[in-house]
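Work through the exercises below with the model open. Each task is followed by its solution.

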Amino acid sequence: MCTMCAQISVITETCAFASDDEATVRTGSLSAPPEVGSLDQLADFLVEGYWGNQQSFNTSTSNIIDVNLTGLAAAGQVLARAALESWEMVANIEFRETSGIADITFQDSAAGAYASFTRMGTDILSATVNVGAERLERGTSLDTYAFQTYIHEIGHALGLGHMGFYDGGAQYDRDALFRNDSWSVSVMSYFNQNENPFDNASYARVSTAMIADIAAIQALYGAASGGSATSGNTVYGAGSTLDNYLGHMLRGIATGQTDALYTGNAMSYTIWDTDGIDTI
């Protein structure tokens with residue numbers, strides 16, 4: 001018997017991860033979960049608490065992670081590339097596209113959204129990200145739920161769990177472990193700003209890794225280095241110097257100009273900058 005093969009496990013997250021419903025009523029009558037999670041507690045749960053152990057791709061010799069996007073329609077490829085950029089901006093990882101065997105393979109053939117991965121011990125060997133084509137029927141811009149879904153599922157493929165012990169569905173007063181479990185702190189949360197009665201933020205879809213996600217992903221892979229998109233002197237907002245999806249979106253937010261990529265919906269985002277003298 002091959003003892004190495006016996007240690008390989010496959011894990012799938014189904015991830016119908018939150019309601020895309022701005023009108024969800026915040027009742028304010030729910031009992032508070034035990035505690036407000038500190039940043040360290042939230043990050044530790046995403047890294048280890050949800051799974052029971054830490055897991056990630058082994059990037060000790062190279063920070064390059066190969067991805068195959070050929071299983072996606074053109075619109076899905078645009079969103080997937082932008083979502084990959086969102087993680088590259090904060091972590092010491094670099095995604096490289098390939099048309100062959102990859103560390104992370106993307107597809108849109110199955111309904112719903114999920115990530116599955118094969119691991120041996122704490123090392124992720126390979127992962128699959130599925131965001132069903134039907135998710136893009138309601139919009140393919142950066143300010144849609146489909147884009148947030150891509151960021152969320154890539155987070156799973158890289159080793160992050162959910163913010164609570166839920167999967168496929170959740171109810172705040174039943175499932176939240178932290179009072180501040182919401183999109184405001186993590187794209188891996190199932191609860192939008194209206195579904196968490198203790199979150200005083202207005203509804204906005206998530207367009208970057210959020211503060212707990214950043215701390216968690218940097219615990220696994222290290223922080224983005226001087227070669228990242230935010231290295232050097234960076235301008236955020238009007239006249240943004242970011243030459244990626246976030247720069248495009250921030251310029252649109254600042255100027256009110258909309259297009260096929262940014263249609264004007266409310267967006268929630270977190271800025272983590274590598275170095276330099278920066279302007280917001």
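**Exercise 1.** Are H2 and H6 oblique or parallel to each other?

*Solution.* This is a predicted model, where local features need pLDDT of at least 70 and side-chain atom pairs count only at pLDDT 80 or more, while totals for chains, interfaces and linings use all residues. Residues are numbered from 1 along each chain as its sequence is written, and side-chain values use heavy atoms, without hydrogens and water.

Step 1: take helix H2 (residues 39-49) and helix H6 (residues 211-221). Their packing angle is about 60°, and their axes lie 8 Å apart. Axes are lines fitted to C-alpha atoms, for helices over the stretch in contact; angles run from 0 to 180 degrees between N-to-C directions.

Step 2: classify. Under 35 degrees is roughly parallel, over 145 roughly antiparallel, 65 to 115 roughly perpendicular, and the rest oblique. H2 and H6 are therefore oblique to each other.

Step 3: list the contact (heavy atoms within 4.5 Å). From H2 come Leu 39, Leu 42, Ala 43, Leu 46 and Val 47. They meet Ile 211, Ala 212, Asp 213, Ala 215, Ala 216, Ala 219 and Leu 220 in H6.

**Exercise 2.** At what angle do helix H3 and helix H4 pack?

*Solution.* Step 1: H3 spans residues 74-88 and H4 spans residues 145-158. The angle is about 55°, with the axes 9 Å apart. That makes H3 oblique to H4.

Step 1: find the residues. The H3 side includes Leu 79, Ala 83 and Trp 87. The H4 side includes Phe 147, Tyr 150 and Ile 154.

**Exercise 3.** How many aromatic pairs does a search of the whole structure find?

*Solution.* Step 1: the search finds 13. Rings of Phe, Tyr and Trp (its six-membered ring) pair if their centres lie within 6.5 Å; planes under 30 degrees apart are stacked, over 60 edge-to-face, the rest tilted.

Step 1: Tyr 172 and Phe 198 have ring centres 6.1 Å apart and planes at 50°, so the pair is tilted.

Step 2: Tyr 172 is in helix H5 (residues 172-175). Phe 198 is in the loop between H5 and strand S7 (205-206). The two are 26 residues apart.

Key:
Helices (H or I, at least four residues) and strands (E, at least two) are DSSP runs, numbered from the N terminus.
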